Amino acid sequence: MIVRPSGRHWSSLEYSGFKDNAGPRPMATSFRFRKVQKEGDIVLTQRLAEFVIDTRVAALPAQALPAARAAFIDTVGCALLGLTEPVSELAARWAEENGARGRVAVWGRTLSTSPAEAAFANAIASHALDFDDAMPTLRGHPSTTLVPAILAAGADAGASGEHALASYVLGLEVAGKLGVAVGDGHYFRGWHTTATVGVMSSTAAVARLWRLDPDQLRTAWGLAATQASGLVRNFGSMAKPFHAGHAARSALLSVWLARNGCTAERSIFDVPGGFLSTYAGEGATPLAECIERLGAPWEIAEPGIYVKRWPCCYANHRAVGGLLQLKEEHGLRADEIESIDIGFLPGGDGALISSNPHTGLEAKFSIEYCAAAAFIDGTLTMNSFTDDQVMRKPVRALMKKVRRHRIEDSKVYSGLKGYTDVTVRTSRGRYRMRVDKTPGSPAWPLTDADRKEKFLDGARRALGDPAAGALFDQLSRLGSADDGGGRIARDLALRR
C-alpha cells in the first residue's frame, strides 16, 4: 500500500499495518523511504514527521519501553529532588499565578494548572539540580524536556502509559538525529541543545500523543523552531533550567496551535533560513543521512541514556570517577597532593565555564571544584553544591592544585564522548588513569538499586516515605498491563 501524505511535498512511504487502538492513527511496522535525490528536495521534514506519527509500537526494539520507563522514573525523581530550589519555587509561583484552568499537576505540590504551564514548572524542577540524564548524540539532556511535556500532555488527554512511553522513544529518536544534524558547532557557537533541539523532540512527542497527522506536526515544528532558544553562557544560573521549562512549554503550545489551525513554515528542516540552515554548525551531518538512519540504530538503544551518578554537569563525571578510583586504589590523602591534572579532549570541558566558583550553581560547572570536593569528601552529593560548601577552606586550598590541560586531537568531543586523563602527583609519586567510560552510561551503569535510591532520595523529601515508595511502584508499572487501567493518572500521585 502506498500512502501519499497531503500537502504540496510528499515522499513515498510503504507500510503494512493495521489499526492501532492505542495509537494516533494506522501506523507502520516498517518503513522504506524513497532515496533523497538531492539535498534541495523539500521532503526531509515530511519524512521525519511520517516516521514520528506512523511508527507502530510493535516496531520499537524490545528494550525501548523499559528504558523509557526508567527515564521517566529518573526524571520525576530529579524533579522532586529539585522542588525546593529557588528556580523551582519561582516556576511554581508563575504557574499558580498565571496558569489557566487547573487540569494537570505541578509535581510534588498542591497545585494544578494548564498542561503547558505544568510542563514548564516540572521541566524546570527536573533540571534545577543538573542531576537529570543526558545523551551523547544530543549533546544535552533529553528527558528534562520530553518527560514533563509527555506527562502533561498525556495526563490531559488520558493517554495510555504505553502510548506515553512510545512517544518518548520517538521523541528521543528526533533528539538524537537532530543533535547530530546541528553538529558540535551548534553548541560551541553558544547554543544549549537541551533547549534548542529539545523543543523539537518534545514537539514531536506531544504531537504523537495528541494524535496529530504528519502535516500538523510539520506546522508544529515550524512554530517550535521560532521559539528555539537557550544560551550556554547562562550555565551556572537559574536560566539554565529555565531553558528546559521554556522548551517543554513551547512544545505543548506549538502542538496546540498547529492542531487548532495556526500556520507556520511546514518544511522547517529543508528550507533556507529554516532551523538547520540557521542553527547547524561545524561537524553537522546532513539531515538526509540522519533520516536514513532513523531506527538504525534506535537512540534509546545506542548510544542510550546516560544516568547521572552525581548532581553536576556531566563533563565533570569521567574525571571525578577516575579520581575517586585512584584515591581508593592507592590510599591517597589530601595532605599529600601536589597537583591534580585533568586532561580534556577538544570540547570535553566546553560546559565547564567556571574555574573559580563561589556559588553552588557555579560549582556544578567547575572541574576545579568538583575534583577537589569529591577527593576530600569521597563523593559528591546534594550537600556538596550549597554556597557554604563551595567556600570551605580545605576545598578552596585543593582547588588551587587542580589544573586542566588540552589533549591534542583533530576531532571535537564532549563530556559524554571520548576520554579524560587524570594525573595525581603526590609526595609519594605520580598516579595516572585514562577514563574512557562515563559513569552512568551503558558501559559504566548505575545498578537498579542505585537508580531506585536516587529516585527515593528525592521523592522522600517531597512526599514522605510511604508516598515515595508508592509512587516508585506506580511509575514502575507505567505502560504495563497492570499500570492502573492503562491510563496516565492526572497527578501520578505527585501531589503532597
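Me: What is a nonpolar core here?
Reply: A nonpolar core is a set of buried Ala, Val, Leu, Ile, Met, Phe, Trp, Tyr and Cys residues joined through side-chain atoms within 4.5 Å. Buried means under 20% relative accessible area, exposed over 50%, partly exposed in between (1.4 Å probe, protein chains only). The model is predicted: local features need pLDDT of at least 70, side-chain atom pairs count only at pLDDT 80 or more, and totals for chains, interfaces and linings use all residues. Residues are numbered from 1 along each chain as its sequence is written, and side-chain values use heavy atoms, leaving out hydrogens and water.

Me: Which residues touch the most other members of the largest nonpolar core?
Reply: Tyr168, Trp221, Phe269 and Phe275, in a core of 100 residues. Helix H6 (residues 161-188) gives the largest share, 12 residues. Helices (H or I, at least four residues) and strands (E, at least two) are DSSP runs, numbered from the N terminus.

Me: What makes a second core count as one of its own?
Reply: It is separate. Its 41 residues include Ala319, Leu324, Cys370 and Phe385.

Me: Why is aspartate 130 called buried?
Reply: Its relative accessible area is 4%. The cut-off is under 20%, so the term applies. Aspartate 130 also has a positive phi of about 55 degrees, although it is not a glycine.

Me: Why is arginine 139 called buried?
Reply: Its relative accessible area is 10%. That falls under 20%, so arginine 139 is buried. Arginine 139 lies in the loop between H4 and H5.

Me: What is the peptide bond from alanine 296 to proline 297?
Reply: Cis, with omega near 5 degrees.
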